[in-house]
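Here is a short briefing to read beside the model. Topics are grouped under plain headings.

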Amino acid sequence: MSETTFMGVERERIDWKPVIDYSKCDFCMECVKFCPHRVFEVRENQEIKLVVKNPFNCVVFCRACSKTCGPDALSFPDKNKTSQMIRDIRKEAENHE
Amino acid sequence: MSEKYAVLPCNGLDKCAGVISREIALRLCGDAGHEIICPVFSRIAELKYRKIISEHPLLVIDGCPTRCASKLAAEKNFKIAGKITVTEEAKKSGIELSDTLQLGEKEHALIGLLLNDLKTPGNTSKQPDEREGESYHFDYETFQKGKFLFRVPVNKDIFFIENDCWAYVSGNRARIGVTDFVQQNLSDILFFTPPEMGSEIDQFGEAGEIESSKSVFEVISPVSGKVIGVNEALIQKPELINENPYELGWIADLELTAFENDKELLIGFDQYFEIMKRKVMDLNG
């Protein structure tokens, strides 16, 4: 299993990343301080000071950054849909073998 | 809340939720005679509050998930006996807090609800009807990086997910918990929120939370099932997770509902041990 897979599926095929609601985000950067995977990037001199720079660094099913978010500005996909997607991709790969 | 508490609010004055935390603390201390810990003054005059905190269980009131009051308690090494987060309680009650700092009708309604809850014994420590589960003992393979030791139990009935949680399956039941990778990265665990007894959890669903001064970790259930037991001991002693997250530091017992289906996305010791070692090297250099 390489660094770019999750449950045997290429990480880039799994849609799991935080989405920032800019109407709520106050750019406190608690999420940046917390996330050890460098998912976010700070852009100090721009109006939008925070972006999701490396979505595929995000650990699938981890929502820890959203739990540090005071203004509740981070959201994630539905876990059931994501796990079903992983199952489907695995089945598809088995059928091709 | 039948006994006298030391109450530590976040007192955040730039958000509505912080203003609510302050109001709840003031009301608790004014009407019900609990002792307030001022988060601002405690930073420069800690001794003033040491005695109160040593004599009374500590109730922490965070306004929002930034958890300023919890972090202050961790920094000062105050043991948390109970806690609430205003924004979470608002969500549970279906109350949308205003963007302003003035407390309106909705905010006062929430304050009333929370004060009422806090006056009901047991509510702050969130104790469900836990049952004492039997304790297991396992053999471990270990991996050491610097001063940090990472254990992984070697047992064919223990399954893992890549999110560093485990399930020990026995018949139609499973005990679940987190691995050493989680507890070592969180460092000292200060608070445990158990999953709700009787609730149904999907595979990869949330099975409670554990919290340190660094972060809140959502326990991710490796298996689907109904919660039939939680580890009551963790409510008073969350540090048991640091001591051994596989034995006395287990999280919950589940009655399995779809194990044959879940198995497809579970891994055994061999695979997990390799994944964990790689993560340790990546994160800790």
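How far apart do the C-alpha centres of domain 1 of chain B and domain 2 of chain B lie? They lie 30 Å apart. The domain bounds come from an automatic or database domain assignment. This is a predicted model, in which local features need pLDDT of at least 70, side-chain atom pairs count only at pLDDT 80 or more, and totals for chains, interfaces and linings use all residues. Residues are numbered from 1 along each chain as its sequence is written, while chains are lettered from A and ligands numbered from 1 in the order in which they are written.

**Domains of chain B**

- Chain B is divided into domain 1 (6–118) and domain 2 (140–284).
- Six residues of domain 1 of chain B are in contact with four residues of domain 2 of chain B; contact requires C-beta atoms, placed from the backbone, within 7 Å.
- On the domain 1 side, α4 (68–75) and β4 (80–85) of chain B are the elements that give two or more residues. Helices (H or I, at least four residues) and strands (E, at least two) are DSSP runs, numbered from the N terminus.
- The largest share of that side, four residues, comes from α4(B).
- By class, the domain 1 side that touches domain 2 of chain B has two nonpolar, one polar and three charged residues. Ala, Val, Leu, Ile, Met, Phe, Trp, Tyr, Cys and Pro count as nonpolar, Asp, Glu, Lys and Arg as charged, and the others, Gly among them, as polar.

**Nonpolar core**

- The largest nonpolar core has 96 residues. Such a core is a set of buried Ala, Val, Leu, Ile, Met, Phe, Trp, Tyr and Cys residues joined through C-beta atoms within 7 Å.
- Helix α1 (residues 16–31) of chain B gives the largest share of this core, seven residues.
- Domain 1 (6–118) and domain 2 (140–284) of chain B both contribute residues, so the core lies between them.
- B:Val7, B:Leu58 and B:Trp166 are among the residues with the most contacts inside the core.
- Beyond its neighbours within four places in sequence, B:Val7 is in contact with residues including B:Ala25, B:Leu28, B:Ile37 and B:Ile61.

**Helix α6 of chain B**

- Helix α6 (residues 105–118) of chain B has 14 residues and reaches 20 Å from its first C-alpha to its last. That is close to the 20 Å expected at 1.5 Å a residue, taken as 1.5 Å times one less than the number of residues.
- B:Glu107, B:Leu110, B:Leu114 and B:Leu118 are buried in α6(B). A residue is buried if 20 or more other C-beta atoms lie within 10 Å of its own, exposed if 12 or fewer, and partly exposed in between, with C-beta atoms placed from the backbone.
- The face turned away from the buried side of α6(B) carries the exposed residues B:Glu105, B:His108, B:Gly112 and B:Asn116.

- Chain A has two helices and six strands, in the order β-β-β-α-β-β-β-α from the N terminus on.
- Its C-alpha trace spans about 50 × 25 × 20 Å along the principal axes.
- Of the 97 residues in chain A, 26% are buried.
- The contact takes 21 residues from chain A and 20 residues from chain B.
- β13(B) gives the largest share of the chain B side, four residues.

How values were computed:
Two residues are in contact if their C-beta atoms, placed from the backbone, lie within 7 Å.
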